[in-house]
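Here is my note on this model, point by point. Please keep the structure open as you read.

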Amino acid sequence: MRKSILITCLAIVAGVSASLNSVTASAAAADGASTKSDFFPFIAIGQPLEVCSSMAWQRCGDTDWIDRDAMRSDRYVNLSDSYVEPLLEDKNWSAMRRNVRDDLREALDLLHDRMKQDVISERVFLAEFTRRATRYMYDQLSEGEWNMMIDYLEMRVPDDVSYGVNLELTKNKVQPELLRHVVTQAAKVADDETPHVLVLTAGQRDSLDKVNYYLQSFAAAGADASWLPLDVAVMAAREADACAELDKFRESEMDAYRRGKVHADLHVRQLAFCEAGDALAPLRTADAIFIADGSADLLRPLFVTQLNEPNAFAVAIAERVAEEQLVVAAAGMAVNVLTSKAMLSGGTSREALKDGAHSARAPGYGCHKDDTCPRALNENSATYHPLGGAGLFRWATLDTQVGEQGRHGRLLRVAATNRVPLAVGIDAATALMVNLKSGDFKVVGERGVFFALGAQQNERAVAASFHYMMAGSSGTFAGDEITNVSLADTAKVVQENPTTNFLDGRGMYDALRLLCNDRNSIEVKQEQFALTLVGGDGVTTKKAGAECQVVNARVGLQYVPSEAF
């Protein structure tokens with residue numbers, strides 16, 4: 001019965017692949033001449049931008065360059081009563097969580113007595129809080145409660161320290177490479193001038209924390225960068241004509257506390273923007289806008305009105321892109337919000353296959369602990385907005401870190417639920433660069449991009465035709481299809497042990513290698529789930545490094561619960 005359900009779902013999708021013969025033909029002629037432009041004003045980076053910095057020295061091959069007196073190298077928390085007591089006030093804790101609040105008081109007192117000092121680094125605080133007698137307390141807190149605690153305990157960032165960034169010493173060399181791709185495309189807009197990049201951090205719960213990190217990163221890559229201080233807290237404060245209360249709106253809209261005190265300088269700048277700033281003015285002089293990784297739910301209101309129509313900001317971006325005067329780049333989950341199709345906002349493949357996809361905001365992690373999960377949802381529920389996001393990318397639903405997190409299941413479920421003909425998943429350490437006029441694209445970085453066509457579903461299974469193309473590949477978006485495919489000849493070998501974990505790891509791509517070794521079908525099982533890959537007639541395969549690229553293969557994912565006795 002289990003196999004028949006999945007085979008039926010795959011059979012439905014088989015009809016889709018019949019219409020894709022032109023793709024196969026063009027893939028076979030991979031050495032043909034290219035007429036595509038080298039201007040790609042849409043850059044979707046498959047993970048957060050992570051380069052060597054004074055605050056993330058683990059990403060650095062050498063740390064001797066970090067001046068800990070002049071550079072910000074850690075966050076510091078204060079365990080004295082003046083910081084702890086405001087955290088424990090009744091307004092921060094629902095009546096049902098007051099007992100947890102009281103346990104937290106005891107845990108912080110215990111940790112304070114053990115450390116015998118008021119001020120410690122956040123890293124030390126985390127290490128101490130998660131072991132010994134206070135570990136039980138860590139397990140009780142939801143992500144929202146943990147963030148609130150750190151926000152209340154965090155000390156002000158000193159005015160006389162900078163955020164050090166060193167691209168050359170970044171261990172993962174592809175991250176600076178992807179950053180420079182953004183600057184290179186922006187330079188084509190700027191002509192002979194230094195390209196100007198406008199940085200938007202509004203997707204992050206604390207939209208002030210990494211502002212200087214991104215500004216310094218783009219400066220190190222050869223750009224002139226500035227911050228656009230727009231976020232949902234600013235929008236809400238303007239709507240209420242209460243910019244002076246901006247910190248309170250950060251609490252209500254973003255679950256961020258005391259940010260005005262911690263980031264005093266940036267708060268002053270954002271306050272001034274709230275009172276008199278115009279988001280369109282800096283956009284008119286920018287050569288690129290970079291949208292930092294963050295929540296799609298926090299970003300969407302910046303581009304869409306309450307009537308689900310593009311607002312003036314989104315329209316201005318689209319117009320400047322159409323005029324080839326602006327490059328739009330996004331990283332991580334911020335990529336998802338740029339689509340005009342259903343916007344995927346959260347969840348896991350495991351939960352998507354078991355329980356389907358839900359039109360709702362993404363629940364917070366650990367929401368079951370503090371009873372903040374929406375009705376019928378849990379922290380891993382797959383969520384989406386059916387009417388899309390900013391609308392800039394017109395071809396497909398988007399997702400990122402797909403290979404590394406095993407997100408194929410959630411991507412296919414959202415696409416099938418919304419009858420989206422095309423879904424695109426970008427791996428980490430990879431970027432998809434697209435010319436929005438012609439539809440021409442290329443894949444850059446180290447890993448690949450997953451293109452799912454004609455996703456279908458039943459209650460327990462999803463299936464689609466798909467292509468998988470490594471960095472160095474190219475093609476064209478043409479309606480609901482991919483044409484002019486040229487597959488990569490080489491790829492960097494993935495330095496990870498093979499796995500069958502396809503629900504939250506790269507097990508699908510490890511299984512896919514068998515299609516390049518003359519296997520026509522592969523089935524892999526994990527827990528109560530099954531993955532089926534089908535090749536055979538009409539499927540093009542090509543190795544790149546140790547990876548297998550395919551055109552017109554089929555994939556099925558199924559939830560197979562144990563029979564009850």
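Predicted model: local features only at pLDDT ≥ 70, side-chain atom pairs only at ≥ 80, totals over all residues.

1. Residues are numbered from 1 along each chain as its sequence is written, and side-chain values use heavy atoms, without hydrogens and water.

2. Rings of Phe, Tyr and Trp (its six-membered ring) pair if their centres lie within 6.5 Å; planes under 30 degrees apart are stacked, over 60 edge-to-face, the rest tilted. The count comes to 20 aromatic pairs.

3. Tyr152 and Tyr257 form a tilted pair, 5.6 Å centre to centre with 35 degrees between the planes. Tyr152 lies in helix 7 (residues 143–153) and Tyr257 in the loop between helix 11 (246–254) and helix 12 (259–262), so the pair ties together parts 105 residues apart in sequence. Helices here are DSSP runs (H or I, at least four residues), strands likewise (E, at least two), numbered from the N terminus. Both Tyr152 and Tyr257 are buried, meaning under 20% relative accessible area (1.4 Å probe, protein chains only).

4. Phe529 and Tyr559 are also a tilted pair, at 5.2 Å and 35 degrees. Phe529 is in strand 20 (residues 529–534) and Tyr559 in strand 22 (residues 547–559), 30 residues apart. Both Phe529 and Tyr559 are buried.

5. Ring pairs also join Phe42, Phe393, Trp395, Phe441, Phe451 and Phe477 into a cluster.

Technical notes. Buried < 20%, exposed > 50% of the residue type's maximum accessible area, 1.4 Å probe, protein only.
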